[in-house]
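Dear colleague,

I am handing over the structure below, together with a summary of what was found in it. Please read the notes alongside the sequence and the coordinates.

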Amino acid sequence: MELLLLADPSEDKIRSYLSSSKCFVASIDGDVVGACVVQPRGTDTHELMSIAVHPAHQKSGYGTALLKWVIDFFRIAGARQLEVGTGTFGYQLAFYQRQGFRVTSIDHDFFVKNYPEPIFEDGIQLFDMLRLTLKYSGNDA
Ligand SMILES: CC(C)(COP(=O)(O)OP(=O)(O)OC[C@H]1O[C@@H](n2cnc3c(N)ncnc32)[C@H](O)[C@@H]1OP(=O)(O)O)[C@@H](O)C(=O)NCCC(=O)NCCS
């Protein structure tokens, strides 16, 4: 939970999707340093609800390794696509797009409609959510 709160400030929201999701972790010598939660959306689509790496271990490649592992897991499972929602600015956009995610839509005012308190990142208030999709080629029915 401590890790997941880095990616989503609402513990209630996190708890609302945890039980219906798969959780993947990255660990060093048995210590969990990263976590990623993915929820099914229909039969062949999955949504990456959260990914986080402990601040002491960020920028060391663990997040990318975990994301790649999760992408491969769902490719092998026969998924057609993986989706994620994120803010409209920040390094996270490059983090996802480097692995092949593309912007598919904008959810205007998502962060003000779905959270009781304003959320700030780099001193800028988050309003809109960008929806990104990774389409697996070769997994079409
Ligand atoms: C997003 C996150 C999971 C990436 O994990 P990570 O282990 O730090 O990522 P990597 O080391 O694989 O680095 C990926 C890229 O992100 C950049 N990056 C990571 N953290 C950064 C930060 N705080 N500020 C700026 N860039 C950052 C890295 O420099 C790297 O870019 P580069 O290859 O050009 O150097 C991690 O930074 C995190 O937990 N962030 C807080 C939670 C969050 O925002 N989750 C995503 C919700 S949409």
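The ligand is surrounded by 16 residues, and the closest of them are Ala 7, Gln 58, Gly 63, Thr 64 and Tyr 91. Please bear in mind that this is a predicted model. Four elements each supply at least two residues of the shell around the ligand: helix H1 (4-7), strand E3 (45-53), helix H3 (62-76) and helix H4 (91-97). Sorted by class, that shell has eight nonpolar residues, seven polar residues and one charged residue.

As to the overall architecture, the protein chain has five helices and eight strands. Read from the N terminus on, the elements follow the order α-α-β-β-β-α-β-α-β-α-β-β-β. The radius of gyration of the protein chain is 15 Å, close to the 14 Å given by the globule rule for 141 residues, so the chain is as compact as a globular protein of that length. The C-alpha trace spans about 40 × 40 × 30 Å along its principal axes. Among contacts between residues at least 6 apart in sequence, 58% join residues at least 24 apart.

The UniProt record, an unreviewed entry, carries the annotation "domain: N-acetyltransferase" for residues 1-131. Over residues 1-131 the chain is 30% helix and 34% strand, with the end C-alpha atoms 24 Å apart.

Turning to the interior, buried residues account for 24% of the 141 residues in the protein chain. The largest nonpolar core holds 27 residues, of which Cys 36, Leu 48 and Val 70 touch the most other members. Strand E2 (31-40), E3, H3, strand E4 (81-86) and strand E8 (129-135) each supply at least two residues of this core. Apart from its neighbours within four places in sequence, Leu 48 is in contact with Cys 36, Val 38, Val 70, Leu 82 and Val 84.

Two loop residues also deserve a mention. Asp 29, in the loop between strand E1 (22-28) and E2, has a positive phi of about 50° although it is not a glycine. Asp 29 counts as exposed because it has 5 C-beta neighbours inside 10 Å, the cut-off for exposure being 12 or fewer. Asp 109 lies in the loop between strand E5 (102-107) and helix H5 (110-114), and its phi is near 65°, a positive value in a residue other than glycine. With 11 C-beta neighbours inside 10 Å, Asp 109 counts as exposed.

Yours sincerely

Key:
Residues numbered from 1 in each chain as written. Predicted model: local features only at pLDDT ≥ 70, side-chain atom pairs only at ≥ 80, totals over all residues. Near = placed C-beta within 6 Å. Nonpolar A, V, L, I, M, F, W, Y, C, P; charged D, E, K, R; others polar. UniProt positions renumbered as here; feature names shortened; annotations may be inferred. Core = buried A, V, L, I, M, F, W, Y, C linked by C-beta atoms within 7 Å. Buried ≥ 20, exposed ≤ 12 C-beta atoms within 10 Å, placed from the backbone. Contact = placed C-beta atoms within 7 Å. Rg over C-alpha atoms; globule rule 2.2 N^0.38 Å.
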